[in-house]
Amino acid sequence: MTITLRTTPATTAWGNVLLAHSRLTKRLDAELRAETDLTLAWYEILLVLARSETGQMRMTDLAASLLLSKSAATRLVDRLVSHGLVERSTCPVDRRGTEVELTDRGKDAFIAAGRIHLRGIERHFGDHLSDEETVVIADAMLRVADRNAPEG
């Protein structure tokens, strides 16, 4: 039995976004692993922390920014702690909370991995698009993200 679904330009574009994302993240992860001790998931945590004003975040905020469950984020942070890339501390404002902070080793690892990651983005994404196409894609994806932001 064959089930046929009606395709539209939107469903085709969505499928292509998912396919490109899957293939690119696998390739970027493989490059990071080959040249550093980091996975793409670890790099993303370091990136979020590095972009924060203080280099630290509450665990719940970190998990939310990564679109991960708190338990999944905790497992990843545990691995980063064991490698000396981040450290945990009790939140001074709310003793029940935990903060995660980049260590000096984590900052160095982030900077080194960032060069590899950005090179990979240019090579595997940017090199296949014109400047005009990248602007259109960036604007369109931001519009979709903004219109689907969580309420509240």
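Guide: Quick ground rule: helices (H or I, at least four residues) and strands (E, at least two) are DSSP runs, numbered from the N terminus. This is a predicted model, where local features need pLDDT of at least 70, side-chain atom pairs count only at pLDDT 80 or more, and totals for chains, interfaces and linings use all residues. Residues are numbered from 1 along each chain as its sequence is written, and side-chain values use heavy atoms, with hydrogens and water left out.

Visitor: Okay, where's Thr39?

Guide: Thr39 sits in the loop between helix H1 (9-35) and helix H2 (40-51).

Visitor: Is Thr39 buried or exposed?

Guide: Buried, at a relative accessible area of 13%; the cut-offs are under 20% for buried, over 50% for exposed and partly exposed in between (1.4 Å probe, protein chains only).

Visitor: And what does Thr39 touch?

Guide: Leaving out residues up to four places away in sequence, Thr39 touches Asp29, Leu32 and Arg33. Contact here is heavy atoms within 4.5 Å.

Visitor: Switching to H5: which residues are buried there?

Guide: Gly106, Phe110, Ala113, Gly114, Ile116, His117, Gly120 and His124.

Visitor: What covers them?

Guide: The cover includes H1, H2 and strand E3 (98-102).

Visitor: Now Gly97, where is that?

Guide: Gly97 is in the loop between strand E2 (86-90) and E3. Gly97 counts as buried too, with 8% relative accessibility.

Visitor: Which residues does Gly97 touch?

Guide: Arg58, Ser89, Thr90 and Cys91, again not counting residues up to four places away in sequence.
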